[in-house]
Amino acid sequence: MRVLTGIQASGKLHIGNYFGAMKPMIELQEEHELFTFIANYHSLTTSKDAATLRQFTIDAAVDYLSLGIDPEKTTFWVQSHVPEVLELYWILSKFTPMGLLERAHSYKDKVARGIPASHALFSYPVLMAADILILDTQKVPVGKDQIQHVEMTRDIAIKFNNEYGELFTLPEHMVQEDVATIPGIDGQKMSKSYDNAIDLFMDEKPLQKRCNKIISTSTPLGEPLEYEECHIYNLAALFLNEEQKQELRERYKSGKEGYGHFKKYLKELIWEELAEAREKRAYYLDHMDEVNDILEQGAKKARKIADAKMEKVRDAVGLL
Ligand code: ADP
Ligand code: TRP
């Protein structure tokens, strides 16, 4: 089954992104033909400046490779290295009713948050449809906020297929229902916009400092601690199996340890979980030529499929 997803590179990744999106996405490569790209044309719609967009794109490539994208299994590239999607985007625009775009939640949300209402922002879902359709994608793993975009993709594809022949595969979204919302250090949803995130790749000392900032109740040492509502416990639980969670609950109940101990324990868990990724990351940062090579190979492979598709599309619509 061909699975495709786009990564919006928007800065440092945190534990919420890791458990909520990256880890489940990377695991898909074990069972599916996975295509993943860094959506830098999409990021351009909200980008501050050239240097930042460039840096975010490179950071995302290095981080995703470090966390386990295996270039032997997964085709991994940068969106703008397969510029054929822009040609398809224009062609698909003809099959995209204005009303469809006007109903897009994501556009309305972004404008409500103060992002200038540009044409690129408005037509963002058409480019996403081009990403998906140009590679004959069957499944698209996305967060809940992106389901509507996959549905719009289907609508656009159906319209095209009805008028010009069955050229496009109709994709389906794939949403992980059981992914919990990971809390930040203040207990709200962890998000880079709320200043409550624990970043994935921190040095050990700042990581401990960040864990120390997790808000907890002030129970005196010697008394049993509540774990149900404890953000430290809830974060630690992400790294533990059932037996280990039970052990941790016992430690909370024993009253022998305070929150400081559990903050240290949480830091250890995060540090351990990312040990291998940290090593790989150091390696890739030192061997950027390898990263570029992987992206180039990925783009070559994706482009071959995109090229073949575009020949058929041009022919179908009558472009010489
Ligand atoms: P942020 O809120 O930090 O800006 P993004 O919106 O860039 O995060 O999220 C990227 C991906 O990570 C999305 O698929 C989103 O569902 C997932 N994600 C982000 N924060 C969390 C969280 N706290 N819990 C679970 N998943 C999350
Ligand atoms: N819009 C997606 C997001 O914000 C990123 C994206 C771009 C994408 N093109 C895609 C996701 C194609 C899946 C398929 O997360």
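**Figure 1. Lys-245 counts as buried, at 18% relative accessibility.** The view comes from a predicted model. Lys-245 forms a salt bridge with Glu-242. The closest N and O atoms of Glu-242 and Lys-245 are 3.2 Å apart. Both residues lie in helix 11, which covers residues 242–254. Three residues separate Glu-242 from Lys-245, about one turn of the helix. Is Glu-242 buried or exposed? Glu-242 counts as exposed, because its relative accessibility of 53% is over the 50% mark. Lys-245, at 18%, falls under the 20% limit and is therefore buried.

**Figure 2. Salt bridges join Glu-30, Asp-70 and Lys-73 into one network.** How many salt bridges does a search of the whole structure find? The search finds 15.

**Figure 3. A salt bridge joins Glu-84 to Arg-303.** The closest N and O atoms of Glu-84 and Arg-303 are 3.0 Å apart. Glu-84 counts as buried, at 9% relative accessibility. Arg-303 is partly exposed, with a relative accessible area of 33%. Its value of 33% lies between the 20% and 50% limits, so Arg-303 falls in the partly exposed class.

**Figure 4. Asp-195 pairs with Arg-210 in a salt bridge.** For Asp-195 and Arg-210, the closest N and O atoms are 3.8 Å apart. The pair links distant parts of the chain, 15 residues apart. Asp-195 sits in the loop between strand 5 (172–174) and helix 9 (204–212). Arg-210 sits in helix 9. Arg-210 is buried, with a relative accessible area of 16%. The backbone of Asp-195 is also of note: phi is positive, about 55°, although Asp-195 is not a glycine.

**Figure 5. Asp-136 has a positive phi without being a glycine.** What is the phi of Asp-136? The angle is about 55°. Most residues other than glycine have a negative phi. Asp-136 is found in the loop between helix 7 and strand 4 (139–141). With a relative accessible area of 25%, Asp-136 is partly exposed.

**Figure 6. Asp-289, Glu-290, Asp-293 and Glu-296 form a negative surface patch.** One of these residues, Glu-296, is found in helix 14. Is Glu-296 buried or exposed? Glu-296 counts as exposed, at 54% relative accessibility.

**Figure 7. Phe-35 and Trp-77 belong to the structure's 15 aromatic pairs.** The ring centres of Phe-35 and Trp-77 are 6.1 Å apart. Their planes meet at 80°, so the pair is edge-to-face. The pair links distant parts of the chain, 42 residues apart. Phe-35 lies in strand 2 (residues 33–38), and Trp-77 lies in strand 3 (residues 75–78). Phe-35 is buried, with a relative accessible area of 1%. Trp-77 counts as buried too, at 4% relative accessibility.

**Figure 8. Tyr-107 and Phe-122 make an edge-to-face pair.** How far apart are the ring centres of Tyr-107 and Phe-122? They are 5.1 Å apart. The planes stand at 75°. That angle is over 60 degrees, so the pair is classed as edge-to-face. The pair links distant parts of the chain, 15 residues apart. Tyr-107 is part of helix 6 (residues 105–112). Phe-122 is part of helix 7 (residues 119–133). At 18% relative accessibility, Tyr-107 counts as buried. Phe-122 is buried as well, with a relative accessible area of 12%.

**Figure 9. Ring pairs link several aromatic residues into a cluster.** Which residues are in the cluster? They are Tyr-227, Tyr-233, Tyr-252, Tyr-259 and Phe-262.

**Figure 10. Gly-99 is found in helix 5.** Helix 5 covers residues 98–102. Gly-99 counts as partly exposed, at 26% relative accessibility. Gly-99 and Gly-6 are 93 residues apart in sequence. In space, the distance between them is 25 Å, C-alpha to C-alpha.

Technical notes:
Residues are numbered from 1 along each chain as its sequence is written. Chains are lettered from A and ligands numbered from 1 in the order in which they are written. This is a predicted model: local features need pLDDT of at least 70, side-chain atom pairs count only at pLDDT 80 or more; totals for chains, interfaces and linings use all residues. Side-chain values use heavy atoms; hydrogens and water are left out. Helices (H or I, at least four residues) and strands (E, at least two) are DSSP runs, numbered from the N terminus. Buried means under 20% relative accessible area, exposed over 50%, partly exposed in between (1.4 Å probe, protein chains only). A salt bridge is a side-chain nitrogen of Lys or Arg within 4 Å of a carboxyl oxygen of Asp or Glu. Patches are made of residues with over 30% relative accessible area and no salt bridge: like charges are joined within 9 Å, nonpolar side chains (Val, Leu, Ile, Met, Phe, Trp, Tyr) within 5 Å. Accessible areas come from the Shrake-Rupley method with a 1.4 Å probe; for residues, only the protein chains shown count as cover. Lys and Arg count as positive and Asp and Glu as negative; His and the chain ends are not counted. The place of a charge is taken as NZ of Lys, CZ of Arg, CG of Asp or CD of Glu. Rings of Phe, Tyr and Trp (its six-membered ring) pair if their centres lie within 6.5 Å; planes under 30 degrees apart count as stacked, over 60 as edge-to-face and the rest as tilted.
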